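Hello,

Here is the structure I promised to pass on to you. Have a look at it first, and then read on for what turned up.

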Amino acid sequence: MERQRNLREAWGQALVELGRRDPAVVALEADLGKSTRSILFRQAFPDRHFEMGIAEQDMASTAAGLALAGKIPFMHSFAVFASGRAYDQLRNSICIPGLKVRVCGSSAGLSDFGDGKTHQAVEDVAIMRALPGMTVLCPADGIECARIVAALEELPGPAYVRVNRNDLPFVTDESRPYRIGEAALLREGRDAVIFACGVMVSRALDAAARLERLGISARVVNVSTLKPLDPGIVGYAAGMKAIVTAEEHSVIGGLGSAVLEALRRERHAPVETVGIRDSFGRSAEDYEGLLRCYGLTAEAVEAAVRDILES
């Protein structure tokens with residue numbers, strides 16, 4: 001399968017590949033198949049694709065029934081609707097019985113830049129992390145996105161995957177095996193550690209390169225599994241003089257919160273969180289401009305490290 005910079009395209013193609021291997025895989029869609037790319041699965045397996053219309057609650061309940069019947073349902077909608085509109089059904093019909101349902105939260109974060117705050121999910125990780133038994137994933141690039149789809153075949157219980165709408169640079173080491181629940185060390189460093197997920201992983205690597213020119217050595221860790229969090233996070237933070245988290249999500253309840261929870265009983269360096277400060281999104285003419293507006297840049301990550309080290 002060809003590598004895809006676009007995460008939605010990577011998701012759609014990987015789901016088709018999984019469908020070829022496993023006839024139990026089915027897809028459900030909330031009238032957004034051209035955008036989420038579940039349309040690729042419909043084209044390949046029309047009898048295993050279910051168009052539910054703009055009705056995420058019904059889609060989640062139907063997915064629960066399919067899981068009880070022995071299928072592996074992948075349900076699709078924009079992240080803001082998949083996590084919010086169907087919350088009650090996700091909680092009561094899927095998470096309480098621990099069903100093997102996969103939720104694709106497409107166009108996550110600010111990546112649907114043109115449609116504004118009603119279509120941008122900046123609180124979905126917090127919502128999904130709070131659900132007992134829910135695995136929460138956020139791929140950094142198309143390679144990792146495709147690997148997540150493949151790994152979801154065997155994962156027990158429900159899972160939520162945050163899929164960016166846009167093309168992202170490749171950061172995944174293709175020689176390294178992928179495992180749900182395992183953070184990936186992308187760059188070694190001795191002074192600071194930057195924990196990042198999604199679009200912010202490439203920006204964290206850029207920040208580390210900028211810091212190196214200043215004589216600061218920064219470790220970069222891709223935390224694509226936000227729940228359950230890799231206990232190795234504690235080891236990555238050990239001995240560092242500064243700890244920074246970077247995410248395209250509210251600083252409340254996301255990656256920063258997860259890392260601080262992991263470090264709560266450890267002696268550790270000061271922590272700074274780079275993310276969205278208790279606000280909704282907004283519409284913009286382009287994605288990069290919107291990320292700059294919210295301070296989700298390599299410069300902001302660099303500044304967070306320097307502020308700790310220079311304080």
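Does glutamate 288 count as buried or partly exposed? At 36% relative accessibility, glutamate 288 counts as partly exposed. Please keep in mind that this is a predicted model.

I began with that residue for its partner. Glutamate 288 forms a salt bridge with arginine 203, at 2.7 Å from N to O. The two residues sit 85 residues apart, with arginine 203 in helix 9 and glutamate 288 in helix 12 (residues 287-293), so the pair links distant parts of the chain. As a general point, side chains of opposite charge can pair when their charged atoms come close.

Helix 9 also has a hand in another bridge. Glutamate 212, in helix 9 (residues 200-212), pairs with arginine 187, in strand 7 (residues 184-187), across 25 residues of chain. The N to O distance here is 2.8 Å.

The axes of helix 9 and helix 13 (residues 298-310) come within 8 Å and cross at roughly 55°. The angle lies between the limits of 35 and 65 degrees, so helix 9 is oblique to helix 13. Their crossing is right-handed. On the helix 9 side the contact is made by Met200, Arg203, Ala204, Asp206, Ala207, Arg210 and Leu211. Helix 13 contributes Ala298, Glu299, Val301, Glu302, Val305 and Arg306. Sorted by class, this contact has seven nonpolar and six charged residues, and no polar ones.

Valine 199 lies in the loop between strand 8 (192-196) and helix 9. With a relative accessible area of 4%, valine 199 is buried. Leaving aside neighbours within four places in sequence, valine 199 is in contact with Asn164, Leu168, Glu248, Tyr287 and Leu291. For leucine 168, which is 31 residues away along the chain, the C-alpha separation from valine 199 is 6.8 Å.

Finally, there is another helix pair to look at. The axes of helix 4 (residues 56-68) and helix 6 (residues 87-95) come within 9 Å and cross at roughly 5°. Helix 4 and helix 6 are therefore roughly parallel. Gln57, Ala60, Ser61 and Ala64 of helix 4 meet Gln89, Leu90, Ser93 and Ile94 of helix 6. This contact has four nonpolar and four polar residues, with no charged ones.

Best wishes

How values were computed. Residues are numbered from 1 along each chain as its sequence is written. This is a predicted model: local features need pLDDT of at least 70, side-chain atom pairs count only at pLDDT 80 or more; totals for chains, interfaces and linings use all residues. Side-chain values use heavy atoms; hydrogens and water are left out. A salt bridge is a side-chain nitrogen of Lys or Arg within 4 Å of a carboxyl oxygen of Asp or Glu. Helices (H or I, at least four residues) and strands (E, at least two) are DSSP runs, numbered from the N terminus. Buried means under 20% relative accessible area, exposed over 50%, partly exposed in between (1.4 Å probe, protein chains only). Axes are lines fitted to C-alpha atoms, for helices over the stretch in contact, and angles run from 0 to 180 degrees between N-to-C directions. Angles under 35 degrees count as roughly parallel, over 145 as roughly antiparallel, 65 to 115 as roughly perpendicular and the rest as oblique. A crossing is left-handed if the near helix is turned anticlockwise from the far one by less than a right angle, and right-handed if clockwise. Contact means heavy atoms within 4.5 Å. Ala, Val, Leu, Ile, Met, Phe, Trp, Tyr, Cys and Pro count as nonpolar, Asp, Glu, Lys and Arg as charged, and the others, Gly among them, as polar.
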